[in-house]
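Please walk me through this structure, starting with the whole chain and ending with single residues. I have not looked at it before.

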Amino acid sequence: MHDRPHGIDVSRWSGDGRTGAGDVFAAVPKADFAFARVAYGISIDPEFSTNWAIMGSRRIYRGAYLFLRMDQDPIEQVDRAVKALGARGRKDLCLAIDFEELSFETRAPAPSVAEVQRTLASALNEASVQLGCLPMLYTNPDVGNRYLNSPAFARYPLWVADWSKSAQPKLPSAWSNFSFWQRADHLTATPDPADLDVFNGRRIDLNRFIRDSTGTPPLPAGATPQ
């Protein structure tokens with residue numbers, strides 16, 4: 001994995017509330033790509049626009065992720081995220097949908113697997129329609145195995161979180177391969193919070209994930225995995 005393109009992902013927690021994750025990007029000048037959180041549910045990350053501009057000025061492949069909340073309308077969440085992205089740049093990657101334990105409302109009963117799958121399918125399909133590309137799906141093996149056991153989700157490129165020193169990440173059972181691997185939740189080069197990611201391919205292969213790629217046709221409106 002040492003010869004694979006490396007990158008980082010950042011959010012409001014990676015900066016000081018005003019200047020974005022500038023110190024993080026300065027500490028990793030050779031990053032091939034980066035992701036920034038665009039929104040937490042319907043709330044836009046307050047440092048997204050700054051981080052997006054920093055990534056653009058570095059001329060690296062840049063992506064954004066929507067931290068999906070199960071207690072909010074998935075269409076509205078995607079709509080606000082897409083509006084925050086604005087006009088696409090030459091190296092802009094398709095949107096990633098972040099689904100993990102913290103996607104659930106802690107004070108409410110957990111929704112059923114079927115409800116979760118419908119919400120996720122709606123968000124993924126809406127992102128496909130609005131952006132004209134196939135969105136990525138970020139999750140970890142435990143959550144993936146519990147809620148994403150339908151092969152319909154495996155059509156989406158996987159960004160898997162597996163913080164280990166293994167040569168390969170653990171994957172949710174629906175996937176046989178991955179596109180991005182979040183290997184660690186910290187960077188030794190900077191004291192500011194940021195995650196370390198690896199791309200499973202060559203640098204030129206990142207072009208397959210840019211927003212103007214044709215991608216795979218989205219699911220029909222209203223369709224849900226079976």
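The model shown here is predicted. Its chain has 226 residues, of which 52% count as buried. The secondary structure consists of 5 helices and 9 strands. Read from the N terminus, these elements follow the order β-α-β-β-α-β-α-β-α-β-α-β-β-β. Among contacts in the chain with a separation of 6 or more, 68% are between residues 24 or more positions apart.

Next comes a pair of helices. Two packed helices are described by the angle between their axes and the distance between the axes. For helix H3 (residues 74–85) and helix H4 (residues 113–131), the axes come within 8 Å and cross at roughly 30°. This crossing of H3 with H4 is right-handed. On the H3 side, the residues that meet H4 are Pro74, Ile75, Val78, Asp79, Val82 and Leu85. On the H4 side, they are Thr119, Ser122, Ala123, Glu126, Ala127, Gln130 and Leu131. Sorted by class, the contact of H3 with H4 has 8 nonpolar, 3 polar and 2 charged residues.

The next topic is empty space. Rolling a probe the size of a water molecule over the atoms shows where such space is left. The largest pocket holds about 550 Å³. It is lined by 26 residues, and those closest to its centre are Glu100, Tyr138, Trp163, Gln182 and Asp195. Strand S1 (6–10), strand S4 (61–67), helix H5 (141–147) and strand S7 (158–161) each give two or more residues to this lining. By class, the lining has 12 nonpolar, 4 polar and 10 charged residues.

Two single residues remain. Ser14 is placed in the loop between S1 and helix H1 (22–27). Is Ser14 buried or exposed? Ser14 counts as buried because its relative accessibility is 4%, and the limit for buried is under 20%. Ser14 and Ala194 are 180 residues apart in sequence, yet their C-alpha atoms are 5.9 Å apart in space.

Val38 belongs to strand S2 (residues 33–40). With a relative accessible area of 0%, Val38 is buried as well. Which residues does Val38 touch, leaving out those up to four places away in sequence? They are Ser43, Ile44, Asp45, Phe48, Ala64, Tyr65, Leu66, Ala81, Ala84 and Leu95. Ala96 is 58 residues from Val38 along the chain, and the C-alpha atoms of the two are separated by 9.8 Å.

Terms used: Residues are numbered from 1 along each chain as its sequence is written. This is a predicted model: local features need pLDDT of at least 70, side-chain atom pairs count only at pLDDT 80 or more; totals for chains, interfaces and linings use all residues. Side-chain values use heavy atoms; hydrogens and water are left out. Axes are lines fitted to C-alpha atoms, for helices over the stretch in contact, and angles run from 0 to 180 degrees between N-to-C directions. Helices (H or I, at least four residues) and strands (E, at least two) are DSSP runs, numbered from the N terminus. A crossing is left-handed if the near helix is turned anticlockwise from the far one by less than a right angle, and right-handed if clockwise. Contact means heavy atoms within 4.5 Å. Ala, Val, Leu, Ile, Met, Phe, Trp, Tyr, Cys and Pro count as nonpolar, Asp, Glu, Lys and Arg as charged, and the others, Gly among them, as polar. On a 1 Å grid over the protein atoms alone, a cavity is a set of points where a 1.4 Å probe fits but cannot get out, and a pocket is an open set with protein on both sides within 12 Å along at least five of seven lines; lining residues have an atom within 4 Å of a point. Grid points are joined across faces, edges and corners, and a volume is the space filled by probe spheres set on the points. Buried means under 20% relative accessible area, exposed over 50%, partly exposed in between (1.4 Å probe, protein chains only).
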